[in-house]
Amino acid sequence: MKAYLTALRAIVLREALRFVHQRERFVAALVRPLVWLLVFAAGFRAALGLSIIPPYQTYITYETYIVPGLCGMILLFNGMQSSLSLVYDRETGSMRLLLTAPLPRGWLLFCKLLGSTLISILQVYTFLIIAALFGIQMDPLGYLAALPALLISGLMLGTLGLALSSFIKQLENFAGVMNFVIFPMFFLSSALYPLWKMAESSSLLRDICAANPFTHAVELIRFALYLQFNGWALLWTLLATVVFMALALWGYDPARGLVNRKG
Amino acid sequence: MSTGLSVTSVSYAYGAKQALDDVSFDVPPGQFAALLGPNGAGKSTLFSLLTRLFTTRDGSIRIAGFDMAKTPRQALEKMGVVFQSQTLDLDLTIRQNLSYFAALHGLSGRDARARIDRALDRLQILDRAGEKARNLNGGHRRRTEIARALIHDPSVLLLDEPTVGLDAAARQSITDHVHRLCAEENLTVLWATHLTDEVFDSDQLVVLHQGRILAQGRCAELRGDAPLKDYFLATTGIPA
């Protein structure tokens, strides 16, 4: 057990050191949601009317509505970014070093996943602090309650990235997949509009959004920020995590020869 | 129980392309074995199987007596690897790189620090432990990777074309170093290369070509009076 924890600490620490060395990435990851919050949301505030829906107990501004979605956006982009770095690591060789450690492969991948998720959560809290400075504040306890929701959501999106990285042969192929995963996942969710609003234009779109695991991750975060528990969202997010992790483990199974297979 | 390296009837195919065909050889404990083959011979595929980056159902691999298919963790614990591609984190110091690797092998604290110092000292780079890997030249980066591969005291050391991209002096230095380690520390070494001048007469030689073993035995006996390069070209049928 000590060996497992020693490896976990080392892998998380390495992710943290990488993060320290890539401060531009940290800033870039914050710029994206801030632009959405301060520019996009300001413009859409007048165009979009929001009714009172759980977990809100009163009318809210559009900026307030999209904050949980933008937290999800940070986790989503970082999850994909870390899977991109996995493909890079695989091509450069450092992934080989990790996978030849005498520990179960699933554990090693989980450690890597946890490390990158913790970094993402740090970015989310930085974003929430900036949002608070612009007047979009939550209950102080809500910030604390959001932590497990952010962790579960981050792990779910990280496992998705991990699964994707295992099926991508070369780094160059990744950009295309990003477009087919990130954008549909983000836009076909409740991050920017509530599902009832989506249903007004198309019930099919609403159904797609309702099936999207990212929607449930966002709702899990949204409810947690307002000190409420959304069991259905938790169940969906956990289920998606298990499915994506199983896919990732299958993808990284040495019997499939992923790490060095011919491209 | 053998403490060396044993490869028995190993085959591997990428789809229809046969990369390894019934490969068998043994490296006794404390022996330096050179796996000599031209580019595309299957050396890297064999190394991926030896390090369990992927697995095959055809054949078996034993590291220090542990079957890679049945007891992979014990086999990996007994093995040190230097990959062909560079695997140091260039933004980290040498010590940080080695600490990371030590932790992957369950080593931490004072024990890890002592092992890292010993491994760096053995490769004569202890004085540079605090420098970032980015500041090292190719030869020293390779030395660092070899030192790293020795932290957990493996009994088998695998090196996949470790001198690729190095100048002649660095190549010779690394080659001599590993030969010395093998002799002084009873380390079993498998050294993949396509360069005949890295193989000593006393080494065990395994010639791999197009996925098959063409010859194996003591280098001096195999080459006879001919230079190793001529013997290798003649055996593989590659025009000079």
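Which handedness, left or right, has the crossing of helix 6 of chain A and helix 10 of chain A? The crossing is right-handed; a crossing is right-handed if the near helix is turned clockwise from the far one by less than a right angle, and left-handed if anticlockwise.

This is a predicted model, in which local features need pLDDT of at least 70, side-chain atom pairs count only at pLDDT 80 or more, and totals for chains, interfaces and linings use all residues. Residues are numbered from 1 along each chain as its sequence is written, while chains are lettered from A and ligands numbered from 1 in the order in which they are written.

**View 1. Helix 6 packs against helix 10 in chain A.** Helix 6 covers residues 140-167 and helix 10 covers residues 213-225. Helices are DSSP runs of H or I with at least four residues, strands are runs of E with at least two, and both are numbered from the N terminus. The two axes lie 7 Å apart, at an angle of about 165°. Axes are lines fitted to C-alpha atoms, for helices over the stretch in contact, and angles run from 0 to 180 degrees between N-to-C directions. The pair is therefore roughly antiparallel. Angles under 35 degrees count as roughly parallel, over 145 as roughly antiparallel, 65 to 115 as roughly perpendicular and the rest as oblique. On helix 6 of chain A, the contact residues include A:Gly142, A:Ala149, A:Ser153 and A:Leu157. Among their partners on helix 10 of chain A are A:Pro213, A:Leu220 and A:Leu225. Contact requires C-beta atoms, placed from the backbone, within 7 Å. The residues of this helix 6 and helix 10 contact divide into 13 nonpolar, two polar and no charged. Ala, Val, Leu, Ile, Met, Phe, Trp, Tyr, Cys and Pro count as nonpolar, Asp, Glu, Lys and Arg as charged, and the others, Gly among them, as polar.

**View 2. Chain B as a whole has eight helices and 10 strands.** Its radius of gyration is 18 Å, close to the 18 Å from the globule rule for 240 residues, so chain B is as compact as a globular protein of that length. The radius is taken over C-alpha atoms, and the rule is 2.2 Å times the number of residues to the power 0.38. Along its principal axes, the C-alpha trace of chain B spans about 50 × 40 × 35 Å. Buried residues make up 49% of the 240 residues in chain B. A residue is buried if 20 or more other C-beta atoms lie within 10 Å of its own, exposed if 12 or fewer, and partly exposed in between. Of the contacts in chain B between residues at least 6 apart in sequence, 67% join residues at least 24 apart.

**View 3. Chain B meets chain A.** The contact involves 26 residues of chain B and 26 residues of chain A. On the chain B side, helix 1, helix 2 (72-77) and helix 3 each give two or more residues. Helix 3 of chain B gives the most, with four. The chain B side divides into 11 nonpolar, 10 polar and five charged residues.

**View 4. Helix 3 of chain B crosses helix 4 of chain B.** The crossing is right-handed. The axes are 10 Å apart, at an angle of about 125°. That angle makes helix 3 of chain B oblique to helix 4 of chain B. B:Arg95, B:Leu98, B:Ser99 and B:Ala102 of helix 3 meet B:Ala112, B:Arg115, B:Ile116 and B:Ala119 of helix 4. The contact residues divide into five nonpolar, one polar and two charged.

**View 5. B:His105 sits in the loop between helix 3 (94-104) and helix 4 (109-122) of chain B.** B:His105 counts as buried because it has 23 C-beta neighbours inside 10 Å. Not counting residues up to four places away in sequence, B:His105 touches A:Ala101, A:Pro102, B:Ile151 and B:His152. B:Ala234 is 129 residues from B:His105 in sequence and 43 Å from it in space, C-alpha to C-alpha.

View 6. B:Arg52 lies between helix 1 (43-50) and strand 4 (60-63) of chain B, and counts as buried with 22 C-beta neighbours inside 10 Å.

How values were computed: Contact = placed C-beta atoms within 7 Å.
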